[in-house]
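Please keep the sequence and the model side by side while reading.

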Amino acid sequence: MSLEILLVKNEGNSGVQFRSEALPGGSVSGYQADVGAGWWGKLYEEHGRGLLWDKSGEPHLKPGEWNQYEIVAQGDHIQTFLNGKACVDLKDEKGAKRGVFALQLHSGGPTEVRFRNPKLEILESSE
């Protein structure tokens with residue numbers, strides 16, 4: 001999956017949920033490619049194991065501009081890229097192998113996040 005994200009003023013927190021499960025009330029559990037000051041490029045498992053990859057992709061961020069985010073999930077191998085630069089490279093045997101996609105807006109103070117040009121490519125799996 002790839003898309004462009006603009007976090008206006010780089011304030012607040014957001015993310016892209018993938019291989020997630022819809023929960024009652026509109027929330028989801030599962031992988032989250034994080035977005036936000038101090039969080040860009042990290043991988044979190046919402047309503048699960050918490051932070052799975054704590055290295056920041058912040059050096060690759062273009063504050064106040066559209067940023068290209070790419071998520072590659074093949075089997076138990078999860079990778080993310082911010083503006084073409086690698087962030088996450090994780091083998092996770094415990095993680096979900098399928099699920100829904102969702103765009104996250106974190107609760108709390110005012111945040112404006114914009115998403116555009118989403119592209120999804122699904123490859124056949126041998127699993």
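A pocket, as the word is used here, is an open set of grid points at which a 1.4 Å probe fits, with protein on both sides within 12 Å along at least five of seven lines. The model is predicted, and the second largest pocket in it has a volume of about 180 Å³.

**The second largest pocket**
- Of the 13 residues that line this second largest pocket, Gln17, Ser27, Val28, Glu46 and Gln104 are the closest to its centre.
- Two elements, E3 and strand E9 (100-105), each give two or more residues to the lining of the second largest pocket, and E9 gives the most, with 4 residues.
- By residue class, the lining of the second largest pocket divides into 4 nonpolar, 8 polar and 1 charged.

- Strand E1, which spans residues 2-7, is mostly covered, with 6 of its 6 residues buried.
- In a regular strand the side chains alternate between the two faces of the sheet.
- Ser2, Glu4 and Leu6 point one way from E1, while Leu3, Ile5 and Leu7 point the other way, and all of these are buried.
- E1 pairs with strand E6 (residues 67-74) in the antiparallel sense over 4 bridges, and within this pairing glutamate 4 stands opposite glutamine 68 in E6.
- E1 is also joined to strand E10 (residues 113-119) by 5 bridges, again running antiparallel, and here serine 2 stands opposite lysine 119 in E10.

**The largest nonpolar core**
- The largest nonpolar core holds 21 residues, of which Ile5, Phe18, Trp40, Leu43 and Tyr69 touch the most other members.
- At least two residues of this core come from each of E1, strand E2 (13-22), strand E3 (28-36), E6, strand E7 (77-82) and strand E8 (85-91).
- Once neighbours within four places in sequence are left aside, the contacts of tyrosine 69 include Leu3, Ile5, Val35, Trp40 and Phe81, as well as Asp34 and Lys42.

**Positive phi angles**
- Most residues other than glycine have a negative phi.
- Asparagine 10, found in the loop between E1 and E2, has a positive phi near 50° although it is a residue other than glycine; asparagine 10 counts as buried because its relative accessible area is 18%, under the 20% limit.
- Arginine 19, whose place is in strand E2, is likewise not a glycine and has a positive phi of about 50°; arginine 19 is buried, with a relative accessible area of 12%.

Terms used:
Residues numbered from 1 in each chain as written. Predicted model: local features only at pLDDT ≥ 70, side-chain atom pairs only at ≥ 80, totals over all residues. Heavy atoms only, no water. Buried < 20%, exposed > 50% of the residue type's maximum accessible area, 1.4 Å probe, protein only. Pairing = 2+ DSSP bridges. Core = buried A, V, L, I, M, F, W, Y, C linked by side-chain atoms within 4.5 Å. Contact = heavy atoms within 4.5 Å. 1 Å grid on protein atoms, 1.4 Å probe; cavity = no way out; pocket = protein on both sides within 12 Å on 5 of 7 lines; lining within 4 Å. Points joined across faces, edges and corners; volume = space filled by probe spheres on them. Nonpolar A, V, L, I, M, F, W, Y, C, P; charged D, E, K, R; others polar.
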